[in-house]
Amino acid sequence: MKWFRTLMLIAALWLPLAAVAEKISMVIGLALPPYVIADRDTGIELEIVRESLAYRGHELVPVYVPFWRVLSMLEQGLTDAAMTVNEDSGISDGVFYSQSHITYQNQVIGLKSRSYPITEIKDLAPYSILAFQSARKYLGDEFAAMASENPQYQEIARQAKQVTMLYSGRIDLVVMDKNIFNYYRQQEVRVGTDAGIERFELFPPSHYKVAFIRADWRDDFDAGLQHLIESGRYQAIVNRFITPSDQP
């Protein structure tokens with residue numbers, strides 16, 4: 001009987017976790033490889049989020065949309081959570097932000113042969129620039145002001161096109177995350193990508209979070225994220241998609 005009581009005690013300890021395990025729909029921006037590879041339902045960020053939720057038994061239900069729709073879907077109550085957001089995204093009421101689970105390093109990138117004299121954000125003003133969607137919202141007030149005053153500034157959802165246009169000489173500069181640029185450069189087949197590039201480090205790292213409509217989901221996610229970090233599983237996920245030499 002002693003073993004039976006022990007078994008029942010273990011079952012009782014696990015029951016609260018099992019009882020609250022739920023499916024959580026999360027709106028996720030398309031075209032963010034290697035962080036999100038939508039057509040394969042994987043990626044660095046996606047796997048970190050999925051496994052962090054699974055720690056407390058929750059199941060991630062991805063809802064893939066163009067990046068510009070992520071915030072509006074969360075605001076309209078069409079999803080339980082949103083990924084790759086933070087307090088600067090524009091939503092502060094009615095959501096609960098997790099701890100930062102991923103860091104992007106945005107850069108300004110140009111062809112080395114053009115020798116751009118760029119040391120600060122204001123130096124970008126004379127050039128044609130193709131940035132990722134909503135860049136002016138995430139990269140600070142000074143960058144937003146430059147973008148608003150620069151008639152040659154554009155934003156685009158399909159980040160693969162940034163690489164194509166840079167190497168084809170149709171744009172002076174692109175603004176995008178280091179790892180996203182590297183991924184699309186390796187995938188590019190329409191134009192040659194052998195030309196040397198210059199990277200301008202004008203932005204601090206961007207720390208992104210998950211926004212949940214419920215605090216208990218946020219807390220469960222944070223517990224899972226901490227477990228991934230402490231166990232080494234977090235770094236193992238990163239290493240599946242990026243070689244150590246390419247990591248920020």
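**Entry 1: a term to keep handy**

I count a residue as buried under 20% relative accessible area, as exposed over 50%, and as partly exposed in between. I started with Asp 219, whose relative accessibility is 40%, so I noted this residue as partly exposed. I also reminded myself that this is a predicted model.

**Entry 2: who does Asp 219 pair with?**

I looked up the partner of Asp 219 and found a salt bridge with Arg 218. The closest N and O atoms of the two are 2.7 Å apart.

How many salt bridges does the structure hold? I got 12. Some of them join up: I found Glu 22, Arg 214 and Asp 216 linked in a network.

Next I picked Glu 47 and Arg 50, which form a salt bridge with 3.0 Å between the closest N and O atoms. Both sit in helix H2, residues 44–54, and because they are 3 residues apart, about one helical turn separates them. I wrote beside this that an α-helix has 3.6 residues a turn, so residues three or four places apart point the same way. Is Glu 47 buried or exposed? Glu 47 is buried, at 10% relative accessible area. Arg 50 has 21% and counts as partly exposed.

Asp 172 and Arg 114 meet through their side chains in a salt bridge of 2.9 Å, N to O. Asp 172 lies in the loop between H6 and S9, while Arg 114 lies in the loop between S6 and strand S7 (129–132), and 58 residues separate the two. I noted Asp 172 as buried, at 18%, and Arg 114 as partly exposed, at 35%.

**Entry 3: helix H7**

I moved on to H7, residues 178–187. Which of its residues are buried? I listed Lys 178, Asn 179, Ile 180, Phe 181, Asn 182 and Tyr 184. Their cover includes helix H6 (160–167) and strands S5 (102–104), S6 (106–111), S9 (173–177) and S10 (197–200).

**Entry 4: a space inside**

Last, I searched for cavities of 30 Å³ or more and found 1. The largest cavity holds about 140 Å³ of space. It is lined by 15 residues, and Leu 32, Phe 67, Tyr 104, Phe 132 and Gln 159 are the closest to its centre. I sorted the lining by class: 10 nonpolar, 4 polar and 1 charged.

Notes. Residues are numbered from 1 along each chain as its sequence is written. This is a predicted model: local features need pLDDT of at least 70, side-chain atom pairs count only at pLDDT 80 or more; totals for chains, interfaces and linings use all residues. Side-chain values use heavy atoms; hydrogens and water are left out. Buried means under 20% relative accessible area, exposed over 50%, partly exposed in between (1.4 Å probe, protein chains only). Helices (H or I, at least four residues) and strands (E, at least two) are DSSP runs, numbered from the N terminus. Contact means heavy atoms within 4.5 Å. A salt bridge is a side-chain nitrogen of Lys or Arg within 4 Å of a carboxyl oxygen of Asp or Glu. On a 1 Å grid over the protein atoms alone, a cavity is a set of points where a 1.4 Å probe fits but cannot get out, and a pocket is an open set with protein on both sides within 12 Å along at least five of seven lines; lining residues have an atom within 4 Å of a point. Grid points are joined across faces, edges and corners, and a volume is the space filled by probe spheres set on the points. Ala, Val, Leu, Ile, Met, Phe, Trp, Tyr, Cys and Pro count as nonpolar, Asp, Glu, Lys and Arg as charged, and the others, Gly among them, as polar.
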